[in-house]
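Please find below a colleague's note on the structure shown here. The points are numbered so that each may be taken up separately.

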Amino acid sequence: MAITQLEQAMATLRLGIAEICAKEEQLDSQINQFQTQLRRLPRQVVYGRTSLELSLTAMGEIEERLEEAVAIRRRLLAIKNTATQELEALQLLQRVDEARSKLASLKKNGLFGRPTGENVGDEIRQLEEFIAANSRQAEQAITDRFRERMNGDPTAI
């Protein structure tokens, strides 16, 4: 079975999101570690295990690392949000494409092969409504992203 461009793009996005989630967990762990170190260092001074000057220097270095880790995490979450939105848009496009295929099949085959009692007309109407509503939603998402890029939004991709 051949993989479509849409499926390839979705697979690539899923892999990217998984990588982002792993990096997010790593950063969360670092942030926790830095916060723990900052809580423990004052006790080291109080109990005489470390000099005041050494502790102040170490705390400054830890605070810098913590601030950098938090900033990286914030940037990472912006990328994750964009990737997630793109994946959701592609999944929506896939569902619309599947609905269009099913609709074409129903219109072509009509009642053939359908169990009695099912109303093909209702199913066709529901598929048409689904396609119309979701096509508008996908169009809106694409248009909004295009406008963001054209207006110079540096976060718009």
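The points below run from the overall fold to individual residues.

1. Basis of the note. This is a predicted model, in which local features need pLDDT of at least 70 and side-chain atom pairs count only at pLDDT 80 or more, while totals for chains, interfaces and linings use all residues. Residues are numbered from 1 along each chain as its sequence is written, and side-chain values use heavy atoms, with hydrogens and water left out.

2. Overall fold. The protein chain has 3 helices and 0 strands, and its pattern along the sequence is α-α-α. Helices (H or I, at least four residues) and strands (E, at least two) are DSSP runs, numbered from the N terminus. Of the 157 residues in the protein chain, 22% are buried. Buried means under 20% relative accessible area, exposed over 50%, and partly exposed in between, with a 1.4 Å probe and protein chains only.

3. The whole structure contains 7 salt bridges, a salt bridge being a side-chain nitrogen of Lys or Arg within 4 Å of a carboxyl oxygen of Asp or Glu. One of them pairs Asp28 with Arg73, whose closest N and O atoms are 2.4 Å apart. Because Asp28 belongs to helix H1 (residues 5-46) and Arg73 to helix H2, this pair ties together parts that are 45 residues apart in sequence. Asp28 is partly exposed at 30% relative accessible area, and Arg73 is likewise partly exposed, at 24%.

4. Link between H2 and H3. Glu123 forms a salt bridge with Lys102, with 3.0 Å between the closest N and O atoms. Glu123 lies in helix H3 and Lys102 in helix H2, so the pair ties together parts that are 21 residues apart in sequence. Glu123 is buried, with a relative accessible area of 15%, whereas Lys102 is partly exposed at 42%. Elsewhere, salt bridges with shared partners join Glu24, Asp28, Arg73 and Lys80 into one network.

5. A further salt bridge. Glu68 is paired with Arg75, the closest N and O atoms being 3.5 Å apart. Both residues are partly exposed: Glu68 has a relative accessibility of 42%, and Arg75 has a relative accessible area of 44%.

6. Surface charge. Which residues gather in a patch of negative charge on the surface? They are Glu61, Glu63, Glu64 and Glu67. Patches are made of residues with over 30% relative accessible area and no salt bridge, like charges being joined within 9 Å and nonpolar side chains (Val, Leu, Ile, Met, Phe, Trp, Tyr) within 5 Å. Glu61 lies in helix H2 (residues 52-109) and is partly exposed, with a relative accessible area of 41%.

7. Asn134. This residue is placed in helix H3 (residues 120-150). Is Asn134 buried or exposed? Asn134 is buried, its relative accessible area being 12%. Its side chain reaches the backbone oxygen of Phe130 at 2.8 Å.

8. Ala138. Helix H3 also holds Ala138, which is buried at a relative accessible area of 7%. Ala138 and Val96 are 42 residues apart in sequence, and their C-alpha atoms are 9.5 Å apart in space.

Conventions:
Accessible areas come from the Shrake-Rupley method with a 1.4 Å probe; for residues, only the protein chains shown count as cover. Lys and Arg count as positive and Asp and Glu as negative; His and the chain ends are not counted. The place of a charge is taken as NZ of Lys, CZ of Arg, CG of Asp or CD of Glu. A polar contact is a pair of N or O atoms within 3.5 Å; within protein, one must be able to donate a hydrogen and the other to accept it, and residues adjacent in sequence count only if both atoms are side-chain atoms.
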